[in-house]
Amino acid sequence: MKQMSCEHESGVIRALHSGEWSSELRLHAAECADCRQALFIAEALGAEALRVEAGFRPPDAHWIVQRSRRMAREIAMRRVALLLAGIRALAAVYVAAAVGWLLRGYVAIQYREVASSMSGAATGFALMGAMVAAVFVVAGLWPILHDRPGQG
Amino acid sequence: MEDAGMIAAWITPGCEQTAAGEEGFRQLYEVTSRPLWGYLHHASGRPDVADDLLQETYCKFLLRHAPGMDEAESRSYLFRIATNLLHNRVRSRDDAALEEPAETGAQTNEETRLDVQAAMRHLKPRERELLWLAYVEGMSHAEIAAATGLGALSIRILLYRARQKAGEFLRPQRIKL
């Protein structure tokens, strides 16, 4: 079975659309089975296109432009919100790192001073208080880090 | 030529924000919306899908079109966006089934109309796209390749197969030269 179309098919279809037929092309189209079939299908589809498109009422172009502008604004807003969320996440990481770095030196100094003056029970109580404080800090950071763009 | 001038004015970067730019878009829209809708309608088989995708196509075009496109490039780009949206729709929902097109006129031969509908119903969306772009829009193989994302070399054979398949449902005795 032949698997490739006639090389003149594109020219025949162009001639059909433009109406500019050369005598050679017209003769070829009359004799070539591929081109005859292509012509018939093109005419049938063209007639169907005219029939269906006759009932089409396109929406107003101004409305399309307005809708595209709304889409552009929404896309810009999403990008800005994403950028802000990224900045907030970086800020939260920076604060946590800075606090950790400051506390590391401070706690080491304080622990030595407190440990030398406190009993075992008082030290345990102080550590428990520090843990509760840490839980509150994490709970406070959670909504900031999980705030989705577009939720204000 | 006046339309082409308006469209060229609109294609100037940033021009779509002005009244003149919008008028240029309106001219492009008037020239292309009907054939684009016809393409979407026949490729999807559904007028409601064609309505949705037509609007989405122009919105995306307005957001993404590159400055300096001429009318032919804009038209080709519109068909490319429409084809991509069509493929996304077919992938995301199983609504590729062809429905009976709405009755809008009775100027064409009734038997041919029914044959065309039967042929389109039996073709895959990709085959409908190729036939429509080649035979209704009169696009070259290179233009079809750009619009569909297929390789330019494979268009010829795919189009041949689609035509053979469509030919099985259409009656060749009506050929008029």
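Visitor: How many residues does the contact take from chain A and from chain B?
Guide: Keep in mind that this is a predicted model, where local features need pLDDT of at least 70, side-chain atom pairs count only at pLDDT 80 or more, and totals for chains, interfaces and linings use all residues. Residues are numbered from 1 along each chain as its sequence is written, chains are lettered from A and ligands numbered from 1 in the order in which they are written, and side-chain values use heavy atoms, leaving out hydrogens and water. Contact here means heavy atoms within 4.5 Å. On that rule, the contact takes 49 residues from chain A and 56 residues from chain B.

Visitor: What area is buried between the two chains?
Guide: Buried area is the accessible area (1.4 Å probe) that two parts lose on being put together, summed over both. Carbon and sulfur atoms give 65% of it here. On chain A's side, A:F40, A:R51 and A:F56 lose the most area to chain B, together 16% of what that side buries. The area for chain A and chain B comes to about 4600 Å².

Visitor: Which residue of chain B forms a salt bridge with A:E9?
Guide: A salt bridge is a side-chain nitrogen of Lys or Arg within 4 Å of a carboxyl oxygen of Asp or Glu. The rule finds two of them across the interface of chain A and chain B. In the A:E9 pair the closest N and O atoms are 3.2 Å apart, and the partner is B:R163.

Visitor: And which residue does A:D34 meet in a salt bridge?
Guide: Over all chains, a search of the whole structure finds nine salt bridges. The A:D34 one has an N to O distance of 3.6 Å, and its partner is B:R163. This pair crosses between chains, running from helix α3 of chain A to helix α8 of chain B, with A:D34 at one end and at the other B:R163.

Visitor: Which element gives the largest share of the side of chain A that touches chain B?
Guide: Helices (H or I, at least four residues) and strands (E, at least two) are DSSP runs, numbered from the N terminus. In chain A, the elements giving two or more residues to that side are α1 (9–18), α2 (23–31), α3 and α4 (61–117). The largest share, 18 residues, comes from α3(A).

Visitor: How do α3(A) and α8(B) lie to each other?
Guide: Axes are lines fitted to C-alpha atoms, for helices over the stretch in contact, and angles run from 0 to 180 degrees between N-to-C directions. Helix α3 (residues 33–53) of chain A and helix α8 (residues 152–167) of chain B have axes 10 Å apart, at an angle of about 70 degrees. Angles under 35 degrees count as roughly parallel, over 145 as roughly antiparallel, 65 to 115 as roughly perpendicular and the rest as oblique. So α3(A) and α8(B) are roughly perpendicular.

Visitor: Which residues of α2(A) and α3(A) make their contact?
Guide: The axes of α2(A) and α3(A) come within 5 Å and cross at roughly 95 degrees. That is why these two helices also count as roughly perpendicular to each other. The contact is made by A:H28, A:A29, A:A30 and A:E31 of α2(A) with, from α3(A), A:A33, A:C35, A:R36 and A:L39.

Visitor: Which residues of α7(B) meet α4(B)?
Guide: Helix α4 (residues 71–92) and helix α7 (residues 141–148) of chain B pack at about 45 degrees, with axes 7 Å apart. That angle makes α4(B) oblique to α7(B). From α4(B) come B:S76, B:F79, B:R80, B:T83 and B:H87, and in α7(B) they meet B:A146, B:A147 and B:T148.
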